[in-house]
Amino acid sequence: MIKAVEKPVSHSEKDKTVRITIDGRSIDAPKGMNLLEVARSNGIDIPSLCYHPGLEAFGACRLCVVEITKPGWENWRKLVTSCLYPVEEDLIVYTRSPEVMENRRVVLDLQLARVPNSDVIRQLAAEYGIHDTTYTKRKDADNCILCGICVRVCEAVGANAISTLSRGPDKYVEVPDPEACIGCLACAESCPTDAIGWHEENGIRHIWHRDFELVECETCGKPILTQQQIDHFVEKSGLEERYFAKCDSCRKKETAVSISRVMF
Amino acid sequence: MSEQVAEKTCTCAEKFNGTLQAIFDRYPREESSLIMVLQDVQEELNWLPPEAINCVAENLNVPKAKVQGVATFYRAFSLEPRGKKLVKVCMGTACHVRGAGMLVDELERRLEVNAGKGMSPDGEFSLETVNCVGACAMAPAIVVGENYYANMGPDKLKRLLNKERES
Ligand code: FES
Ligand code: FES
């Protein structure tokens, strides 16, 4: 009788979790989750540049490479990008093998040639023992590593304003139609190398060749959002415009006051 | 959203004598038609003017940024006006070692145009370099439209251009 009850449970559990080994440690993970997330949620650090937990993995930067093998593979190993690799039963993973480290060094060496002024990349490269690139540095280099996060974030926000233009060594990130931009800063905030410049002054936010007037919080007067942002959020969320009239901290204060009125 | 697309009437399509409208009618109005539509638009107009790109975005309901990204990604698309005929000089290995570089120099001089940029002042020609047209035995080769010119030399270019002007 017990068996009859237990069987379906253990069966479905088996379907959902897999046991893998990362750097000698045995780990249970949800089947199909990407290797990078699994490692990170178990405290194992794998560097990444183009991965963003809120977006579909892209596999552009190749920094998250690890080596994998399986019991039946007779010691044959291969390199994979962990952000794109779904975990499966019996997988054996090496995140810091000599092969992995060498590959990451090449990636960082190349990145350093592309963005020689980026502190993020310089620091990361230094951690891998690279203090100067062995390649020719890009002239007039900005800090963009073409990870595509801004493009994908903008798509997720629903503004679809950013795109990579051109190809190969001439490829760059741009907002070809500034009208589409809502000035929300999602791209700038999620850029791993702080490559997207913006600033705010006297209630005006400047980003992507465009000035946005900021709407002030109706309670404290602090500039909070652009009107374009509000219009966009109202359209996408169905919330009323009033919902965006106050800044976060004023709204929290008000909630606290009304709760205390009810409670005490 | 899809009803919106069906009803969309844009003024941009009229700009090109309704020719773009005919192209849009040939394909489902969705993102997967993008490249085919752009190809047809370029075939029609000989290049992709900014208004046409916006018009494509509107009619396929694809963000302008994405259309711009695709249009600039493929070398086959030209974002500048081009001459009536495109002169392609092969710069593949075989043609290169047999002096294709000289052909480019001479054509740039004769047509008063830079390779890969703009068109000759009379609007007849644009010049482009390509990498191996699969005619290495004829190196150095030049292709104009459907016509292949074999064993080219700087001295033969005047005749080539005259012939192409007439046809
Ligand atoms: S994080 Fe995996 S390739 Fe960039
Ligand atoms: S190199 Fe010119 S045709 Fe092959």
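Buried means under 20% relative accessible area, exposed means over 50%, and partly exposed is anything in between, using a 1.4 Å probe and protein chains only. A:Glu200, at 37% relative accessibility, therefore counts as partly exposed. What you're looking at is a predicted model, so local features need pLDDT of at least 70 and side-chain atom pairs count only at pLDDT 80 or more, while totals for chains, interfaces and linings use all residues. Residues are numbered from 1 along each chain as its sequence is written, chains are lettered from A and ligands numbered from 1 in the order in which they are written, and side-chain values use heavy atoms, leaving out hydrogens and water.

**Strands in chain A**

- Strand S9 covers residues 204–207 of chain A; strands here are DSSP runs (E, at least two residues) and helices are too (H or I, at least four), numbered from the N terminus.
- In a regular strand the side chains alternate between the two faces of the sheet.
- S9(A) pairs in the antiparallel sense with strand S8 (residues 198–201) over four bridges, where pairing takes at least two DSSP bridges between two strands.
- A:Glu201 has A:Ile204 as its bridge partner in S9(A), and the hairpin of S8(A) and S9(A) has two residues between the strands, with A:Asn202 at a positive phi near 50°.
- Strand S10 (residues 210–216) also pairs with S9(A) in the antiparallel sense over four bridges.
- There, A:Ile207 stands opposite A:Arg210, and A:Trp208 takes a positive phi near 45° in a hairpin with two residues between the strands.

**Salt bridges**

- Over all chains, the structure holds 22 salt bridges, each being a side-chain nitrogen of Lys or Arg within 4 Å of a carboxyl oxygen of Asp or Glu.
- A:Glu200 and A:Arg205 meet in one of them, at 2.8 Å from N to O; A:Arg205 is buried, at 5% relative accessibility.
- In helix H3 (residues 98–114) of chain A, A:Glu102 and A:Arg105 lie three residues apart, about one turn of the helix, and their salt bridge has its closest N and O atoms 3.3 Å apart.
- Over in chain B, B:Asp122 forms a salt bridge with B:Arg165, with the closest N and O atoms 3.3 Å apart.
- B:Asp122 sits in the loop between helix H8 (100–111) and S2 of chain B and B:Arg165 in helix H9 (residues 157–166), so the pair ties together parts that are 43 residues apart in sequence.
- A network of salt bridges links A:Glu218, A:Arg242, A:Lys246 and A:Glu254.

**A pocket lined by chain B residues**

- The second largest pocket holds about 570 Å³ of space; 27 residues line it, and B:Arg75, B:Phe77, B:Ser78, B:Leu79 and B:Gly116 lie nearest its centre.
- A pocket is an open set of points on a 1 Å grid over the protein atoms alone, where a 1.4 Å probe fits, with protein on both sides within 12 Å along at least five of seven lines; lining residues have an atom within 4 Å of a point.
- S2(B) gives the most to this lining, with four residues.

**One more spot in chain A**

- A:Asp45 is in the loop between helix H2 (35–41) and strand S3 (65–69) and counts as exposed, at 55% relative accessibility.

Notes. Grid points are joined across faces, edges and corners, and a volume is the space filled by probe spheres set on the points.
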